[in-house]
Amino acid sequence: MSAQKDCEFLVKKARELVSVDSCAAKAWLITARTLYPTDFNIQYEMYTIERNAERTAPAGRLLYDMFINFPDQPIVWREIGVITAALRSDSQDKHAQFLRGLFETLPGRVQCEMLLKATEQCFNTLEKAEMLLLLLKRFPESVVQHGLSLGETLLDAEASENVDTPVNCFRKLFVCDVLPLIINNMDIRLPASLMQKYILKAAEFYIGYVTRGPSADGQLQGSQDSGNLKSPSMSRGSQRYVIDGLSEKSSLVADPWERLLELLAVVGVRCEWQGDKGQRSFVDMLQRMKELCRYLPGLDGETRSRYCSQVVICGALTLFRSAFLYVSAVQPALFQGHGASSGPWILVEDLSSVYSDVDLDKGPVKHAQKKRKQADGREKTMSSDDEEGLGKGRGRHILVSKTEMPNWSETLEGFRAARESWDLLHSHDALEAEFKKICASWKTDSWLWFRIFLTDMIVFQGQYRKALSSLHQMSAVQQHQPGQQSPSGQGSLEHHRVLIQQASCHYALGEYRVHTHLFHLTITSLLPAVTSGLPQYSAFRKGLKIYWIMCKCRAFMFLIVSRQLRAFADNRDDLSLGHVVVLLQYDWPQGEMLFLKSVDKIYHQGSFQYENFFNYVTNIDMLEEFAYLRTPEGGRIQLELLPNQGMLIKHHTVTRGITKGVKEDFRLAMERQVSRCGENLLSVLHRFCINEKIIIIQSLP
């Protein structure tokens, strides 16, 4: 008891002298340590003085002594815990740097043993994994002993935690930190099946990471000043993203596609894949897989199995990477870090030929005044520099505008590579079966972005029934995901995509009433303000088979015009002709030739009745034509364009015997209409589509 009191007295005396005379305090403790070498409190007090003074070497020596002589003291492990936390942290403050420097003074053997024992003290799986990972990175020789078990521990923890996304803290540590250490260590013997399992785990994580939504897990945090997460040809470093359980820095994954390609190259070498002698690009890899597929029918046994595994894994990764490249260009708002300044773009069947396909009844050449307008060639609206035909396949073409989509070449290349990868994976039953297993494991049916690609691919192939089925699946996926709002806040852009493509497919199948109904649903949900400031012409037009359109009212209007022209070609009545005249104002003068033919038809039949004329026709050229038809030179055509004009004619005939009153009403109406020529045309057409929806649909065959 007296010895304990003596120790306490000496420690107390040293504490009193620390702030006054540190040398004297150290002398007291040296004396105490000499007298009582096994007393922990004396040694810890000496360490505390050196640590507080941030003297690295003396503090390191004293920590080493305590670790060797007093390994069971909780205070020692508390200190070690503080030091290892500093080793794992991103902090650059002075004290954290001191603690890291203190650890560096310890002998390597002691560092390794200290980290191992510190790992045993951890009860939290994530903290234990980070501690062991610290050991593996500092002492590569320990990877053989602890690497594989650490990887399996992380995967087991992920499974037991029932996380709903592959982008989680356990998978991130496994894929980005542990897996490279394991597969690059040739002393660790891994069966091919295990390496293939690991590369698929890595691929699922990286794909999930680059395709995460703009508010994934609610962890979107402002703008990011550092880090450049590269996806193909575009930066993804404009927004912060923190994985639950990790720090912001630890959540950062730079160059995800390049990292995946590096892992794949190592796995290819270790699995003895054909042609994989090192890293290659995804484009080269796809070409190599095409070559390997030619040999599959003549192979059997283990060789065939190895070839199939190589083709499926490489083909699947090329598919998803290429599909992401494509969808991030046509629907950028789906992904975090991608601005929505361009797009979204929707792939639809080409309808631009309707202006020339409608065959009106031919009659004598109309009046010379307007004949000149027809002959002056104003129907030419685009130069050859505005469009480029690429993406050919089975006679199908996609025409794009270089000015509207600067990265059009990469977009089309991504679409082509993704389609070829899909075809490759479905070229043999064995490949398709293995690929379906991967899709089922990754739950790709819930990936909205991938469903967009699949739908576009089916539309491109002209399989409209199958495309409608795919669009129904897309709608189902959207119901389980938060919709992306358009800049004006009117509904989901993805929902509009579904409606417009459904309408396009129904049109191609000849189901015109369904087609027009769907377009009216979309038009009704979009305000005219959406179209303000847009260029006069759609960005994608006049394709041989299919083309891209902007997800805006203008594009929908064009497709409604297309259908109404078909209806008029079938019905040829005044109501259908009136609808055509209203809708031909869109994209004027693209439909001017057809309008002039319509005027010829009115001229030959001698009359025309359309009471909605002054509600919706504001095009000055059209007004001029109809005014001319009332003149003696124009044929004195009877035009009933005012509401209830038939009753007015009867009234004026009874009271005056002539129709001067009606003529005056017509003249005044025309003057008022000319004053409306400056109105926003798309607002007028938008109002027409909403107000006359029932009449338009009823006029369809």
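Within helix α18, Glu420 and Arg416 lie 4 residues apart, about one turn of the helix. In this predicted model, the two residues form a salt bridge, their closest N and O atoms being separated by 2.6 Å. Arg416 is partly exposed, with a relative accessibility of 23%, and Glu420 falls in the partly exposed class at 24%. The pairing belongs to a network in which salt bridges with shared partners join Lys290, Glu413, Arg416 and Glu420.

Glu420 also meets the side chain of Lys290 in a salt bridge, with an N to O distance of 2.5 Å. Lys290 is partly exposed, at 28% relative accessibility.

A further salt bridge is found between the side chains of Asp177 and Lys172, at 3.9 Å from N to O. Asp177 has a relative accessible area of 14% and is therefore buried, the limit being under 20%. Lys172 is likewise assigned as buried, with a relative accessible area of 6%. In total, 19 salt bridges were counted.

With regard to the overall fold, the protein contains 32 helices and 8 strands. Of its 701 residues, 52% are buried. Among contacts with a separation of 6 or more, 70% are between residues 24 or more positions apart. The accessible surface of the protein amounts to about 31100 Å², and carbon and sulfur atoms contribute 51% of this area.

Terms used. Residues numbered from 1 in each chain as written. Predicted model: local features only at pLDDT ≥ 70, side-chain atom pairs only at ≥ 80, totals over all residues. Heavy atoms only, no water. Helix = DSSP H or I, 4+ residues; strand = E, 2+ residues; numbered from the N terminus. Buried < 20%, exposed > 50% of the residue type's maximum accessible area, 1.4 Å probe, protein only. Contact = heavy atoms within 4.5 Å. Areas by Shrake-Rupley, 256 points an atom, 1.4 Å probe, with all protein chains shown as cover. Salt bridge = Lys/Arg side-chain N within 4 Å of Asp/Glu carboxyl O.
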